[in-house]
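User: I've got this model open and want a quick tour. Can you walk me through it?

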Amino acid sequence: MLKTTCNHLMAEIEAAIEYRDKHLEGYEEKVQRYHGPHYASAGDPSAEYFPENTYYEYVSLMVPRLVFDNPRVQVNSRRPGTQQDVAEALRHGMNRWARDAKLRKLLVEEASDMLLGFGVAMVRPDHKKKYASPNPTPFAPEETPQWPACERISPRRFFLDPEAERWESARFMGHMWRMDKEDLLELAESSQEAGWNKEAIDALLASSDPNRKGKQHSDSPDRDEVWCYEIYVPEVTLDNSPGPKKGFNGTIYTLGVNQALGGGDDDAVSKFVRDPRPYYGPAEGPYVVFGAYKVPDKPYPLSPLTAVEAQVTDLNEHVLAASQSMAKHKRVVGVNDPRTAQLVKNVQHDYVTVVPFEDGKALVQEFQFGGLSDQQANWIATCRQRADRVLGMDEAMRGAISGTGTATEHSIASEAANTRLAFIKQSFTDCTIELLRRVAFYMYHDDDIKFPLDMDSMSQLGLPPDTELVFQGGGHEGADYSFEDLELEIEPYSMERASEGLAQKRALEMHSMLLNSLQLMQAFPDYPWKDHFAKIGNAMNAPDMVELVDAKLLERLAEDLSMQRQAAVMAQSESLQPRMKKDAPKGVSTGAAPSKLVPMAGQEMAAMLQAMQQQAPTGPPPAVQGMNSAM
């Protein structure tokens, strides 16, 4: 088991930060190239300039493809029965939460971090005012209603076990946070039951950034802030922990150090500024790491721009060299006497002038110096193609088609680019599902989570508009199912942007599909048509398609079918009724009024058929041999 003494945990944190900084080597330069020299260093001659800004180009093209809108969640249960209703309620609650919590903004930040390096998000139960928009505060009283909160953790403040072969199997992970020392002391005084250590907090040196990268601007005033580490150890279970069945997994330690890491001061002391406490949350922990590609036996993921950074740097070096050559380009006209020079200088375009000749040749010669050579242009094109090939970014992705290739070539290239893009999109979707699953954990277990749902949920559930529909978390004590029985997935295309042409095409397809299905819906009213069109609508990125197939439409189609069947039975009964009384078989009444009930009409028709069979001759007519007669 991992040693959890204060000194040992501090040593683990220092090793983890040193290992993280190796993976973030050049991260600052990459971000500067992404935003360009005029974002925060306008007019600074030392600011680095990259003519081929592949970083901005790739991020601006990829982020809208990864996340354009809030995801819509589908929740299913592996167990039938009561938990199906729980899954349905959780689906409506999470979709409402995603809009109220503005999840799209967080996902845009995580997508940008993932493409430039790696992203980190933390999920925790936060506090909010009842029935109000969530307003996360890191340290709020625990008796107020809770709300699942997600926040971005800067890659510079996150750390994990450097010995792990993948981030999911890390023996510890954590992050660094900061707070005004005065506010932290007040919190320790007002929340003594939370286990804060006032003496350890008071001993912290304010404004001593242990990460050395937390201050955004060197000229900002001193805010008297202290920095602490939050570290999650999943393998440690405290004696006072309620246990996994109650939703408590692992332990959280909060440490503070009174000087920067590696300062070399013997007086530097690290202490627990808060007592170790059981972690209330899923067994996977509070953190989700967003990454595009896995690296074998490495915990940090690999971003596409990190993998292609050498090619991009090489391309920009040659482009800068070509720019310098073009800056030195000169074109000079040489003459052999001042009179000719004056004539050449003052002559207008397309004008005839007299120039001295010698031996039939003009004494005027043009010279060119510097400029872009053919070798430089060819090599720049080669470097650009190589970077685009490694990065998987082609002209079709940029929206520029040269038209030089055949349709088959463009189709093959587009398919290869779409395959690579689809994998990155799936990686981002998987990370988003992991984040939403941690949110669902709190909404499933926590009785303090309570908020109203929207009109869409009420219409999907078939409730009248004036109904007050409220989501209530928790309430699963003694149930024969668990949270692990639930399965979460994101509806296809819910985070993507559909073009106007594609949206119109899908609307027409949806209209045609509904009209063509009316007869089938009428013939088979017992089929679950709402679920049927819900799946089709999700696949077509038209989730409101199921709203067109409401209960009233299905009831009306069923009534129309019943009326048609009644009319058919009545018409068939009238066709079998004899025209004259003398033609009627014995025992059958022809003067009775027609039946008002469809089943009675069927019984009368069956009685007539039975009477006709009883009066039929038992043997074959004369001169006709039966099948079993002797020859």
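This is a predicted model: local features need pLDDT of at least 70, side-chain atom pairs count only at pLDDT 80 or more; totals for chains, interfaces and linings use all residues.

User: Where is D297 found?

Analyst: D297 is in the loop between β9 (287-290) and α8 (304-307). Helices (H or I, at least four residues) and strands (E, at least two) are DSSP runs, numbered from the N terminus. The phi of D297 is near 65°, a positive value in a residue other than glycine. Most residues other than glycine have a negative phi.

User: Which loop holds K102, and what is its phi near?

Analyst: K102 has a phi near 55°, again positive in a residue other than glycine. K102 is in the loop between α4 (82-100) and α5 (103-116). At 48% relative accessibility, K102 counts as partly exposed.

User: Back to the β9 to α8 loop. What does K298 touch?

Analyst: K298 lies in that loop, between β9 and α8. Not counting residues up to four places away in sequence, K298 touches Y19, A164, E165 and R166. Contact means heavy atoms within 4.5 Å. K298 and R166 are 132 residues apart in sequence, and their C-alpha atoms are 5.7 Å apart in space. K298 is partly exposed, with a relative accessible area of 38%.

User: Zoom out. How many helices and strands does the protein have?

Analyst: There are 18 helices and 16 strands. Of the 631 residues in the protein, 37% are buried. Among contacts with a separation of 6 or more, 73% come from residues 24 or more positions apart.

User: Now α5. How many of its residues are buried?

Analyst: In α5, 10 of the 14 residues are buried, so the helix is largely enclosed by the rest of the structure. The buried ones are L103, L106, L107, E110, A111, S112, D113, M114, L115 and L116.

User: What span should α5 have?

Analyst: At 1.5 Å a residue, its 14 residues should span 20 Å, and the end C-alpha atoms of α5 are 20 Å apart, which agrees. The expected span is 1.5 Å times one less than the number of residues.

User: Same check for α11, please. How far apart are its end C-alpha atoms?

Analyst: They are 26 Å apart, which agrees with the 26 Å that the 18 residues of α11 (residues 374-391) should span at 1.5 Å a residue.

User: Which residues of α11 are buried?

Analyst: I380, C383, A387, D388 and L391. Seen down the axis of α11, these buried residues fall within an arc of 130°, so they line one face of the helix. The arc is that of the directions from the helix axis to the C-beta atoms. An α-helix has 3.6 residues a turn, so residues three or four places apart point the same way.

User: Which exposed residues sit on the face turned away?

Analyst: D374, Q375, N378, Q385 and R389 are the exposed residues there. Just after α11, G392 takes a positive phi of about 80°.

User: What is T54 in contact with?

Analyst: Leaving aside neighbours within four places in sequence, T54 is in contact with L305, V312, L391 and M393. L391 is one of the buried residues of α11. T54 lies in helix α3. T54 is buried, with a relative accessible area of 6%.

User: At what angle do α2 and α3 pack?

Analyst: Helix α2 (residues 27-35) and helix α3 (residues 54-66) pack at about 75°, with axes 7 Å apart. They are therefore roughly perpendicular to each other. Angles under 35 degrees count as roughly parallel, over 145 as roughly antiparallel, 65 to 115 as roughly perpendicular and the rest as oblique. Axes are lines fitted to C-alpha atoms, for helices over the stretch in contact, and angles run from 0 to 180 degrees between N-to-C directions.

User: Which residues make the contact?

Analyst: K30, R33 and Y34 from α2, with Y55, Y56 and V59 from α3.

Terms used:
Residues are numbered from 1 along each chain as its sequence is written. Side-chain values use heavy atoms; hydrogens and water are left out. Buried means under 20% relative accessible area, exposed over 50%, partly exposed in between (1.4 Å probe, protein chains only).
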